[in-house]
Amino acid sequence: MFDFLQAVLDGILFGTTYSLIGIGFTLVFGVMHKINMAYAAASIGAAYLGLVTASVFKASSAWAVFGYSFVSGGVLGYFVYLICFHLIPLKNENATLMSTVGMLLLTDELISHATTGAPQNYPATLEDVMVRAGGLSVRGDLILVFCVSVACTAALLLLLYRTRLGLATRAVAQQPIAAQLCGIRVAQVNALTFVITGLLGGIAGALICSAVGSLSILLTGPLTVKGLIVTVIGGLGSVPGAIVAGLLVGGLENAFQHFRGVTERDMYVMLLLFAFLIFRPGGIFAKGRGRD
Amino acid sequence: MNKIALAVAAAFATTLGFSGSAVAQEKTVTIAPFGVKTGVLRLFGLNSEAAVKAAVEEVNKAGGVKLADGSKAKMIAADYLDDRCNAEEGIAVVRRIYGSEALVAVGPTCSNVAEPLYGILQKKVDDAKDTGLQFPLLTDVAIKVGLAKISEWSFRNVPSELTMYSSLYYWLKTTRPELKTVYGGVEEDFAHSRASWHVVMKDRANANGYQVLGESKWLLNDTNFSTQVREIKKANPDILSIAAHPFTTCGLLKEMQRQGVKPKLIVGLTSTSSLETMQACPKQAEGMIIPSSFAPINKEAKFAAEQTAKQKGSADLHSMASWENVFILKEAMERAGISGRKDAASIQSDRRKLRDALAATKTTKGLLGVNKRTEDREADKPYVFVHGKGGSWVVLHNPL
């Protein structure tokens with residue numbers, strides 16, 4: 001029983017990395033009603049650019065790498081917006097979706113070429129910190145990831161509900177045509193959404209690589225899948241939902257692994273997704289339908 | 001005017017004559033390397049490509065390949081084709097090579113490509129009922145045990161993991177008698193890793209008198225190893241044998257460090273004794289022991305590594321097998337007496353002669369010594385034990 005509790009706790013904590021990616025997916029969907037399949041890959045790309053920039057400026061500390069990744073994420077976010085959503089007509093649902101799939105593969109290959117496919121050592125934070133309570137132990141770096149997830153959610157909610165940009169973003173999310181008629185620059189709001197999610201992606205990518213211990217293109221596929229699952233389970237467009245769903249998926253993943261083994265684990269996670277799609281398609285935090 | 005015209009015509013004719021004879025002398029024989037050049041295993045392909053290029057250069061510097069008529073042909077390495085470590089793409093690549101003038105293909109990188117690929121080759125030579133491809137393959141990297149027996153057209157120059165791990169566990173038993181138990185860590189969804197633990201390491205550890213306590217499993221793309229490390233901690237083995245590639249090996253080692261799990265000894269997978277591991281987790285891989293069929297321990301090995309480095313590749317057990325393959329092929333082509341002609345019938349005839357010569361080969365010259373060839377077209381290569389030290393792989397023991 002103790003082993004099971006520890007496994008679930010480990011999973012919940014590791015689920016924070018899924019939450020971070022899920023937040024990015026859900027934010028873009030909430031504002032533009034589009035799925036950005038390249039989000040996780042761009043986040044890892046930003047983490048890599050952060051690592052490279054830090055080495056160029058001879059700044060080896062993890063915090064410097066995180067800072068550069070944060071900025072790189074914003075730049076990459078804008079780039080993804082420009083290529084996949086600005087230059088391609090938004091009306092064509094499939095074209096934007098496929099272009100982000102293309103961007104995912106392109107980013108993957110670019111990282112593969114830059115690193116020759118080899119995993120890169122990534123600086124760790126709170127590497128040796130283990131919080132122990134009642135025989136259970138929790139990794140310090142994953143607590144940090146959890147705190148960052150909560151802080152990002154708080155910052156995003158503040159931005160959405162306490163600023164003019166947030167008001168404009170919500171207006172564009174609910175009624176883009178009406179928002180445009182009110183003088184809101186829809187394209188600018190969309191671009192800013194991508195930059196903000198990109199900044200978040202940069203820090204998410206860096207924190208994930210730091211928690212894993214290395215950066216590799218092997219991370220992009222699973223993170224994309226887990227990010228999408230978390231977004232659906234949390235409720236498309238719900239930022240707090242992404243956090244809760246990330247923790248839930250992480251915890252259940254380890255619980256399934258504990259009982260059924262690693263080879264069956266992902267099968268049950270997929271069944272969980274189907275269960276949500278059938279019985280609660282709006283996710284945990286199902287949002288009421290807007291006027292449109 | 002007539003004299004000038006005659007002189008120009010004579011000069012022109014002479015030029016044509018010279019260039020014509022130059023073209024006539026420029027006979028070529030082509031080998032076609034292929035493997036992975038994209039994705040997470042890209043480095044394998046880059047290193048093999050560099051090693052093949054470097055070795056072909058050396059062959060040509062020494063005069064090229066002697067043909068049946070006594071003339072010399074230049075060896076050409078065709079462009080390195082990418083199979084993306086995907087079986088279908090690997091098969092498509094080999095079918096494409098088969099349609100070219102290449103006499104042999106050198107590859108693939110991945111065992112999950114090699115296995116189905118050998119399956120499309122003719123199983124037994126001269127079996128008229130079998131319409132499989134009659135085309136020789138000399139594999140340099142795909143290392144999963146016992147694959148070459150699938151077809152009489154498939155040959156491998158990869159080390160025998162059975163021999164190497166048997167020798168390693170025997171050596172450990174002799175030199176570290178206090179170590180009694182072994183626990184496995186296996187990347188369960190990767191053909192090579194899986195076979196290496198379940199067929200090789202586990203069996204060889206048992207055979208050498210170790211008590212195998214069990215195994216923890218994970219997948220190639222996994223990032224969270226907390227559960228597996230707790231299992232290892234609970235088992236408390238003397239030796240942890242990891243059958244996984246660098247990304248997950250490093251992930252596991254870093255999690256072990258976090259949880260303070262320190263087995264007395266860690267044994268790694270052959271493919272992990274590469275630059276990748278030292279890029280991703282040099283500190284954590286310190287002391288890990290791996291058997292390897294390459295280390296720059298003599299003049300030839302150092303030379304091969306240097307020439308490969310000039311082609312922007314790094315020397316490891318896989319890329320140096322690619323290097324050796326070029327020389328194995330040169331020697332086999334000369335022994336077979338290939339014609340080097342480019343018509344379809346001659347190309348196919350040369351392929352068959354080359355296959356037969358490869359099948360008849362009993363030993364080849366390897367970088368660490370003599371490589372023996374087995375009846376089922378595999379290699380029995382010399383090896384050393386290396387260990388992680390100061391951020392690189394250093395020879396710990398030479399058992400031969």
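Biologist: Take H9(A): how many of its 15 residues are buried, and what do they pack against?

Modeller: First, the ground rules. This is a predicted model, where local features need pLDDT of at least 70, side-chain atom pairs count only at pLDDT 80 or more, and totals for chains, interfaces and linings use all residues. Residues are numbered from 1 along each chain as its sequence is written, and chains are lettered from A and ligands numbered from 1 in the order in which they are written.

Now the setting. Chain A holds 11 helices and 4 strands; these are DSSP runs numbered from the N terminus, helices being H or I with at least four residues and strands E with at least two. Of its 292 residues, 49% count as buried. Buried means that 20 or more other C-beta atoms, placed from the backbone, lie within 10 Å of the residue's own. The C-alpha atoms of chain A fill a box of roughly 60 × 50 × 35 Å along the principal axes.

H9(A) covers residues 220-234. At 1.5 Å a residue, its 15 residues should span 21 Å, and the end C-alpha atoms are 20 Å apart, which agrees. That expected span is 1.5 Å times one less than the number of residues.

Burial comes next. In H9(A), 11 of the 15 residues are buried, so the rest of the structure largely encloses this helix. Among them are Thr220(A), Leu223(A), Thr224(A) and Lys226(A). Gly227(A) and Ile229(A) are buried too. So is the run Val230(A), Thr231(A), Val232(A), Ile233(A) and Gly234(A).

The partners are all helices of chain A: the buried residues of H9(A) pack against H1, H2 (39-56), H4, H8 (186-212), H10 and H11. After H9(A) comes Gly235(A), with a positive phi near 110°.

H11(A) is hardly covered, with 1 buried residue among its 18.

Last, the chain B side. Here 31 residues of chain A are in contact with 29 residues of chain B, contact meaning C-beta atoms, placed from the backbone, within 7 Å. H9(A) is one of the elements that give two or more residues to that side, as are H1, H4, E1, H10 and H11 of chain A. H1(A) gives the most, with 5 residues.

Technical notes
A residue is buried if 20 or more other C-beta atoms lie within 10 Å of its own, exposed if 12 or fewer, and partly exposed in between; C-beta atoms are placed from the backbone. Two residues are in contact if their C-beta atoms, placed from the backbone, lie within 7 Å.
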